[in-house]
Amino acid sequence: MIKKILISQPYPTSEKSPYFDIEKKYGIEIIFHPFIKVEGLSAKEFRQQKVQILDHTAIVFTSRHAIDHFFTLCKELRVNVPEDMKYFGLSETIALYIQKYVQYRKRKVFFSQTGKWPDLVQVMAKHKTEKYLIPQSSVHTNEVEETLNAKKLNHTECVMYRTVSNDLPKAIEDYDLVIPFTPSGFEILCENYPDFREKGVKLGCFGRSTLKAITDSGYEPAVAAPSPEAPSMPACLELYLEKENK
């Protein structure tokens, strides 16, 4: 019987969140608590990478976190980003977020129509003369470097922010089901509660990469989203609770 669930996501901003309907329907309690938080590097830490922002003519953003920490660092470093700087976003949503910091002009903001990295690289390849700067998290794969090298694009990658463990609940055994949404969230769960399985806590997950991290570690999640039957976490969770809480 599932009575209490911990989900590693922020509390829903909408009162119409399906999670609230699930709570009422099954008489359970869902606690929302992110396992990780993102923090920016200090100006001193960034300088150690010996990257000169103004040596570049275009900035590539793969997330809103990257945008926030890029402009925060520029302010701390007293770097005045020129008006003719070009910006490339992984998606239109990310590209539009840039206008929080700079005036949005189509001639200097470009983005992928699909929100996928290979498609953004195709857009970048149309601007071969640019010198690209790619702000990244401290945890990242080699995909960016490999694909840009393959296209022979002039680029520099740099770390501008990192993910760190958030303050976690003290007693994980208070929960019947814990659902991390990222591989790093699962890693933090294991680091802080290495005996969560022995305490009878079941595991759920969202996303293929999170599922892979879990199964590679020898665990079998009780519920994994998305699935062929249910494309979202709430839908998968409801299917699971229908069987588990009969």
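This is a predicted model: local features need pLDDT of at least 70, side-chain atom pairs count only at pLDDT 80 or more; totals for chains, interfaces and linings use all residues.
Trainee: How many helices and strands does the secondary structure of the chain come to?
Mentor: The chain has 246 residues, of which 44% count as buried. Its C-alpha trace spans about 60 × 35 × 35 Å along the principal axes. The secondary structure comes to nine helices and 11 strands.

Trainee: What distance separates the centres of domain 1 and domain 2?
Mentor: Domain 1 consists of residues 4-35 + 167-245, while domain 2 covers 39-163. Taken over C-alpha atoms, the separation of the two centres is 32 Å.

Trainee: Among contacts between residues at least 6 apart in sequence, what share joins residues at least 24 apart?
Mentor: A contact here requires heavy atoms within 4.5 Å. Among the contacts of the chain that link residues at least 6 apart in sequence, the share joining residues at least 24 apart is 67%.

Trainee: How far apart are the end C-alpha atoms of helix H9, and what span should its residues have?
Mentor: Helix H9 runs over residues 233-244 and holds 12 residues. At 1.5 Å a residue, the span should be 16 Å. The model agrees with this, because the end C-alpha atoms of H9 are also separated by 16 Å.

Trainee: Which residues of H9 are buried, and what arc do they cover around the axis?
Mentor: The buried residues of H9 are Met233, Pro234, Cys236, Leu237, Tyr240 and Leu241. They lie on the same side of H9, because the arc they cover around the axis is only 160°.

Trainee: Which elements are included in what covers the buried residues of H9?
Mentor: At the start of H9, a side-chain oxygen of Ser232 comes to within 3.2 Å of the backbone nitrogen of Ala235. The cover over the buried residues of H9 includes helix H1 (18-26) and the strands E1 (4-7), E2 (29-32), E9 (177-179), E10 (202-206) and E11 (223-225).

Trainee: Which residues of H1 are buried, and which are exposed on the other side?
Mentor: In H1, Tyr19, Phe20, Ile22 and Tyr26 are buried. Their directions fall within an arc of 155° down the axis, so they line one face of the helix. What covers them includes E1, E2 and H9. The exposed residues on the other side of H1 are Asp21, Lys24 and Lys25.

Trainee: Which residue follows H1, and what is its phi?
Mentor: The residue that follows H1 is Gly27. Its phi is positive, near 65°.

Trainee: Is His155 buried or exposed?
Mentor: His155 has its place in strand E8 (residues 155-165). The limit for a buried residue is under 20% relative accessible area. The value for His155 is 16%, so this residue is buried.

Methods:
Residues are numbered from 1 along each chain as its sequence is written. Side-chain values use heavy atoms; hydrogens and water are left out. Helices (H or I, at least four residues) and strands (E, at least two) are DSSP runs, numbered from the N terminus. The expected span of a helix is 1.5 Å times one less than its number of residues. Buried means under 20% relative accessible area, exposed over 50%, partly exposed in between (1.4 Å probe, protein chains only). The arc is that of the directions from the helix axis to the C-beta atoms. A polar contact is a pair of N or O atoms within 3.5 Å; within protein, one must be able to donate a hydrogen and the other to accept it, and residues adjacent in sequence count only if both atoms are side-chain atoms. Domain bounds come from an automatic or database domain assignment.
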